[in-house]
Amino acid sequence: SEAFIGIDVSKSFLDLAVRPNGTLLRFANDQSGIRTCVRFARKCAPAVIVIESTGGAESALVASLASASLPVAVVNPRQVRDFAKAWNDPRRG
């Protein structure tokens with residue numbers, strides 16, 4: 001089945017989650033950690049990798065993923081929160 005990756009970026013860490021298999025990994029947000037993260041993502045052959053825009057902390061990672069020809073989408077954090085709220089709304093059915 002298709003893999004989807006989400007990466008939560010902070011100044012120090014990259015927290016990666018893979019769906020549907022549930023893999024959770026943490027990498028350092030530095031040159032070595034980014035290299036390892038990209039290597040792992042490539043093995044997953046994801047349909048898309050989603051990363052929240054963090055004001056720049058994600059830049060090196062996004063550039064590395066794009067250089068590796070991986071499908072990366074940088075999304076607005078507010079839209080992600082709004083989506084999560086809507087998804088968890090009990091009226092959604």
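Analyst: The chain has three helices and five strands. Helices here are DSSP runs of H or I with at least four residues, strands are runs of E with at least two, and both are numbered from the N terminus. From the N terminus on, the order is β-β-β-α-β-α-β-α. This is a predicted model: local features need pLDDT of at least 70, side-chain atom pairs count only at pLDDT 80 or more, and totals for chains, interfaces and linings use all residues. Residues are numbered from 1 along each chain as its sequence is written, and side-chain values use heavy atoms, with hydrogens and water left out.

The C-alpha atoms fill a box of roughly 45 × 30 × 20 Å, taken along the principal axes. Of the 93 residues, 25% count as buried (under 20% relative accessible area, with a 1.4 Å probe and protein chains only).

Now the helix pair. Two packed helices are described by the angle between their axes and the distance between the axes. The axes of H1 (residues 31-44) and H2 (residues 59-67) come within 10 Å and cross at roughly 40°. These axes are lines fitted to C-alpha atoms over the stretch in contact, and angles run from 0 to 180 degrees between N-to-C directions. H1 and H2 are therefore oblique to each other. Oblique is what remains once angles under 35 degrees (roughly parallel), over 145 (roughly antiparallel) and 65 to 115 (roughly perpendicular) are set aside.

Which residues make the contact? H1 brings Ile34, Cys37, Val38 and Ala41, and H2 brings Ala60, Leu61, Ser64 and Leu65. Contact means heavy atoms within 4.5 Å. By class, seven of these residues are nonpolar, one is polar and none is charged (nonpolar: Ala, Val, Leu, Ile, Met, Phe, Trp, Tyr, Cys and Pro; charged: Asp, Glu, Lys and Arg; polar: the others, Gly among them).

Note on methods:
Buried < 20%, exposed > 50% of the residue type's maximum accessible area, 1.4 Å probe, protein only.
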